[in-house]
Amino acid sequence: PGRDGGGGNNDSGGGAGMGASSTAGMHRQFLGQATGGSASQRAPIPLDVLDAEYDVVHQAFATDASDQSPWFYYRWLVGNSLAHLEVASGTPAEPDARAALTSVLAREISRLQEDHLEAAPDARWPLLTVTRLREAQARLGLEGAAPPEVLMASVKDAYARLMLLDPMRKGYYQDALDGKSFVGVHALGTA
């Protein structure tokens with residue numbers, strides 16, 4: 001039986017017994033239907049749909065704090081948000097895409113800090129996610145954020161803290177400290 005008590009993978013189902021993983025799977029399926037694509041689509045998910053999905057994944061975080069799948073789904077959503085800037089790069093739409101991304105990253109950092117890190121400052125998934133978002137802000141030089149060198153200093157401090165909190169993944173965090181783990185963002189399915 002699957003995690004939801006049914007037979008096999010029941011990601012498209014609903015109901016009171018549906019776990020956060022099933023919720024994320026349902027939304028992956030919805031996004032594929034709503035946009036005509038999948039995780040390998042050629043264009044990013046529309047911004048209004050992304051905003052709604054960010055709300056859904058935050059609900060999943062609150063539903064089961066031990067479930068890792070919403071964090072992976074969240075990372076995919078961030079990749080879609082970043083892909084909007086990639087697609088608009090070098091076009092007249094770039095300033096609007098940059099402004100939208102600046103707003104999304106600032107909102108998400110604030111939300112993760114308020115919803116998770118204020119209550120549990122050593123929570124690994126929220127801390128790692130905020131660190132990655134700050135790193136994206138710094139590397140992309142997004143306006144409204146702190147200067148890139150200030151952001152990168154806080155990013156390095158956070159990765160060093162994560163090494164202490166999560167010693168099993170020390171090598172990953174060390175690579176991040178050395179600047180080796182930042183994933184270059186390319187439009188989904190094109191890199």
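**View 1. Helices H2 and H3 cross in a left-handed way.** A crossing is called left-handed if the near helix is turned anticlockwise from the far one by less than a right angle, and right-handed if clockwise. The model shown here is predicted, so local features need pLDDT of at least 70 and side-chain atom pairs count only at pLDDT 80 or more, while totals for chains, interfaces and linings use all residues. Residues are numbered from 1 along each chain as its sequence is written, and side-chain values use heavy atoms, with hydrogens and water left out. H2 and H3 pack at an angle of about 160 degrees, and their axes are 10 Å apart. That makes H2 roughly antiparallel to H3. Axes here are lines fitted to C-alpha atoms, for helices over the stretch in contact, and angles run from 0 to 180 degrees between N-to-C directions. Angles under 35 degrees count as roughly parallel, over 145 as roughly antiparallel, 65 to 115 as roughly perpendicular and the rest as oblique. Among the residues that meet here are Leu47, Tyr54 and Phe61 in H2, and Trp71, Leu77 and His84 in H3; contact means heavy atoms within 4.5 Å.

**View 2. H3 also packs with H4.** The angle between H3 and H4 is about 160 degrees, with axes 7 Å apart. That makes H3 roughly antiparallel to H4. The crossing of H3 and H4 is left-handed. From H3, residues including Tyr74, Leu85 and Ala88 take part, and from H4, residues including Ala97, Leu101 and Leu112.

**View 3. The largest nonpolar core has 40 residues.** Such a core is a set of buried Ala, Val, Leu, Ile, Met, Phe, Trp, Tyr and Cys residues joined through side-chain atoms within 4.5 Å. Buried means under 20% relative accessible area, exposed over 50%, and partly exposed in between (1.4 Å probe, protein chains only). Tyr54, Tyr74, Leu77, Leu112, Leu133 and Tyr159 touch the most other members. Helices H2 (47-63), H3 (69-88), H4 (94-117), H5 (124-140), H6 (148-165) and H7 (170-177) each supply at least two residues of this core. H3 gives the most, with nine residues. Not counting residues up to four places away in sequence, Leu77 touches Leu50, Glu53, Tyr54 and Val57.

**View 4. His84 sits in helix H3.** Helices (H or I, at least four residues) and strands (E, at least two) are DSSP runs, numbered from the N terminus. His84 is buried, with a relative accessible area of 19%. The side chain of His84 reaches the backbone oxygen of Ile45 at 2.6 Å. Leaving aside residues up to four places away in sequence, His84 touches Pro44, Ile45, Pro46, Leu47, Leu50 and Ala97.

**View 5. Asp166 lies in the loop between H6 and H7.** With 7% relative accessibility, Asp166 counts as buried. The side chain of Asp166 makes a polar contact of 3.3 Å with that of Arg124, and another of 2.8 Å with that of Tyr173. A polar contact is a pair of N or O atoms within 3.5 Å; within protein, one must be able to donate a hydrogen and the other to accept it, and residues adjacent in sequence count only if both atoms are side-chain atoms.

**View 6. Glu149 belongs to helix H6.** At 57% relative accessibility, Glu149 counts as exposed. The C-alpha atoms of Glu149 and Ala138 are 7.3 Å apart, and the two residues are eleven residues apart along the chain.
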